[in-house]
Amino acid sequence: MRVNSLPEQMYRPNIKEYLIDESTRPCFLQGDALEVLKDFPDNSLDCCMTSPPYWSQRVYSEVGIGTEGNYKDYISSLAAIMLEVQRVLKPTGSLWLNIGDVYVSKQLLGIPWRVALELIDNHGWILRNSVIWHKVKGGPDNSYDKLRNVHENIFHFVKSAKYYYDTDSIRSNPQTTKVVNGAVVSSSGVSGIRYKRQIELSTALSEQEKKSAIQALESILEQVRSEKLADFRMIIRGHQRTTHSDSEKVSGRARELNEKGFYFLKYHPNGSKPKDVWDILPEDTQKRNGHYAAYPEDLCKIPILATCPKDGIVLDPFCGTGTTMLVAFRLGRKSVGIDISDQYLAMAEKRCGSFLL
Ligand SMILES: C[S@@+](CC[C@H](N)C(=O)[O-])C[C@H]1O[C@@H](n2cnc3c(N)ncnc32)[C@H](O)[C@@H]1O
């Protein structure tokens, strides 16, 4: 196993030393991830963000994952590496796995979900999210009998049900209440006056329902005043369009609307959580310089922020040009990158090295 060849001061003699070192400089290790990971102690890393080569799609070198003769062997090889990842992750750890699909003789194989189900069914991983990476523009597609593909999957797995997750670190647009003409209003300007009028003039609510709706409105406005809530919307029977199925069988809110005559949508004061569809442009192919599948830096931000504590360590067993390591370093986290290819590791080292110097 070759340990990194960064300038002398970044040299890491072995992984165990790196794990206890205080520096956040990335550590690069060359070799087959399955073999290299065997040197890692159990329960030592916090989060893994990675994108293995896709099956039979691109050849990075003559060896390595993705070159198997059939996709079932690919899934087994990948699952074996992920089992090592599972061992080296702390019990609170997370695995974020970006995988692409492939067509063979017109058949879309569904590889990402085949891998996910293998990890769930036979390797004990718990799947928390299936994120769609919407690539916004996608590559050229000259086929005449199917849609253009513009997405890939990113699965978020955890090792155990009690895992580290910092939701606040990934919320967007923290919202605050404001004072307008002496009255406290929500971040989007809701003061309750319009809702109050709608309740009072409603012909769809009984007198008793009106009374409890006004009381509930007063109480939620109090939460806005005391900044426990940043914003809310009130759905009143006969007034607002519901944001869910109207069928009571499928929606608790529909039932609430039917039984009480109203319900609230509440917005967290620290901002909203990211959705499970991410609009992120792929890396510019013109800039790839010899590596054909560097993923965009933005893809790593939510995984690292949410599932690697500030003093934690990020792993990428297929680090390629070192995107995961670069983002981890920028976010103040230590990281370990493994790749089978010397050539790509040199690029990763150069990329992170020049950033660090
Ligand atoms: C999709 S690329 C990763 C790109 C990376 N996310 C980036 O942004 O540059 C997959 C990488 O896995 C490496 N690889 C393939 N088989 C491997 C194995 N068995 N062990 C370690 N690395 C491997 C390839 O050399 C390639 O660089």
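Q: Let's begin with α5 and α6: how close do their axes come, and at what angle do they cross?
A: Two packed helices are described by the angle between their axes and the distance between the axes. Here helix α5 (residues 193-201) and helix α6 (residues 207-225) have axes that come within 9 Å and cross at roughly 170 degrees. α5 and α6 are therefore roughly antiparallel to each other. Before we go on, this is a predicted model, where local features need pLDDT of at least 70, side-chain atom pairs count only at pLDDT 80 or more, and totals for chains, interfaces and linings use all residues. Residues are numbered from 1 along each chain as its sequence is written.

Q: What do the terms rest on?
A: Helices (H or I, at least four residues) and strands (E, at least two) are DSSP runs, numbered from the N terminus. Axes are lines fitted to C-alpha atoms, for helices over the stretch in contact, and angles run from 0 to 180 degrees between N-to-C directions. Angles under 35 degrees count as roughly parallel, over 145 as roughly antiparallel, 65 to 115 as roughly perpendicular and the rest as oblique.

Q: Which residues of α5 and α6 meet?
A: From α5 it's Y195, K196, I199 and E200, and they meet K210, A213, I214 and L217 of α6. Contact here asks for C-beta atoms, placed from the backbone, within 7 Å. By class, this contact has five nonpolar, no polar and three charged residues. (Ala, Val, Leu, Ile, Met, Phe, Trp, Tyr, Cys and Pro count as nonpolar, Asp, Glu, Lys and Arg as charged, and the others, Gly among them, as polar.)

Q: And how do α8 and α9 pack?
A: Helix α8 (residues 298-307) packs on helix α9 (residues 323-330) at an angle of about 55 degrees, with the axes 9 Å apart. That makes α8 oblique to α9. C300, K301 and I304 of α8 make the contact with T323, T324, V327 and A328 of α9.

Q: Why is α8 described as largely enclosed by the rest of the structure?
A: Burial is a neighbour count: a residue is buried if 20 or more other C-beta atoms lie within 10 Å of its own, exposed if 12 or fewer, and partly exposed in between. Seven of the ten residues of α8 are buried, so this helix is largely enclosed. The buried ones are L299, C300, I302, P303, I304, A306 and T307. Their cover includes β3, β4 (89-99), β7 (126-134), β14 (313-316) and α9.

Q: Is T50 buried or exposed?
A: T50, found in strand β3 (residues 45-50), counts as buried because it has 26 C-beta neighbours inside 10 Å. Leaving out residues up to four places away in sequence, T50 touches L97, D316, P317, F318 and T324. The C-alpha atoms of T50 and C300 are 8.8 Å apart, though 250 residues separate the two along the chain.

Q: What surrounds the ligand?
A: The shell has 24 residues, and the closest are G64, F318, G320, T321 and T323. To be in the shell, a residue's C-beta atom, placed from the backbone, must lie within 6 Å of the molecule. By class, the shell divides into 14 nonpolar, eight polar and two charged residues.

Q: How many helices and strands does the protein chain have?
A: Ten helices and 15 strands. Of its 357 residues, 34% count as buried.

How values were computed:
Contact = placed C-beta atoms within 7 Å.
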